[in-house]
Amino acid sequence: MKNQLPIFAKIWEQEINWKPTEKHLDQWEELYQEIILINNQVNLTRIVKPEEFWEKHLWDSIAGVVGLPFFQYSRKMKVIDIGTGGGFPGLPINIVFPIWDFTLLDSRRKKIEVVNFLLKILELENSWALTGRAEKIAHDSRFRGKYDIALIRAVGESSTCSEYILPFLNIGGIGVLYRGNWSIQEEQLLKVALKRLGGKLILVKESKTPLTKSVRHFVYVQKTHLTPKCFPRDIGVPKSNPL
Ligand code: SAM
């Protein structure tokens, strides 16, 4: 990916009006090389070609959080990435905002061991990776209501995702749902779920990926009230019986 990164950096600048530094490029290259190596032993991702990795893992992760009026980029923010898998979208964002403090959560221990290793070699000292189910960890007082931002990509339907993220947010905190297609019906279901969870929908941003022109939607929700204690429901219920 090393040779292509400067070309990609230009696309980035045009597409999202944001210019990565040399350090960002070096760290993304390191992340890519390590993931490709580890992928032979632990199945982290099927996205291994350089262009695909850049577009689907790096561009997509970062496009969800840059250039928005409701994030304070220069302030230390507490961020949780739920169902992070091999560290997406959290890790590429953490490279851009090293002062933000990330918790990268996934139910698979092996993936979390790898993500902790990646955090170490990338010297992202404010962050850590944690094994556990969102339904359980969200009831732990060390995590409930403690985050300014919650990220979630490719974990389930949007109402299921909202039940995972809202309990982790503080009041005023923002959740980012990374979606492919988006429909009015899905938006209505999400609004119904948010009402019960103490949140509201604030923005749906449509985007096309720069290389393959795939449709993406970044859905932003805000926590407005305390989430009732009964949420999230027991392990498996948010997925099998969405709100
Ligand atoms: N977010 C990553 C990405 O976009 O590349 C990984 C997506 S992968 C399809 C879904 C991940 O969510 C898996 O690693 C799975 O273990 C995790 N996951 C699913 N349900 C979860 C839950 N309730 N709590 C924590 N992790 C969960």
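Reader: Why is Trp-18 called buried?

Author: Its relative accessible area is 17%. Buried means under 20%, exposed over 50%, and partly exposed in between, using a 1.4 Å probe and protein chains only. So Trp-18 is buried, at 17%. This is a predicted model: local features need pLDDT of at least 70, side-chain atom pairs count only at pLDDT 80 or more, and totals for chains, interfaces and linings use all residues. Residues are numbered from 1 along each chain as its sequence is written, and side-chain values use heavy atoms, with hydrogens and water left out.

Reader: What makes Trp-12 buried?

Author: Trp-12 has a relative accessible area of 0%, so it is buried.

Reader: How many aromatic pairs are there?

Author: The count is 18. Rings of Phe, Tyr and Trp (its six-membered ring) pair if their centres lie within 6.5 Å; planes under 30 degrees apart are stacked, over 60 edge-to-face, and the rest tilted.

Reader: Why is the pair of Trp-12 and Trp-18 called edge-to-face?

Author: The ring centres of Trp-12 and Trp-18 are 5.8 Å apart and the planes stand at 70 degrees, so the pair is edge-to-face.

Reader: What makes Tyr-178 and Phe-218 edge-to-face?

Author: Their planes are at 85 degrees and their centres 5.4 Å apart, so Tyr-178 and Phe-218 are edge-to-face.

Reader: Which atom of Ala-134 lies 2.9 Å from a nitrogen atom of the ligand?

Author: A backbone N or O atom of Ala-134 does. A polar contact here is a pair of N or O atoms within 3.5 Å. For Arg-133, a polar side-chain atom lies 3.4 Å from a ligand nitrogen. Lys-111 has a side-chain N or O atom 3.3 Å from a ligand oxygen.

Methods: A polar contact is a pair of N or O atoms within 3.5 Å; within protein, one must be able to donate a hydrogen and the other to accept it, and residues adjacent in sequence count only if both atoms are side-chain atoms.
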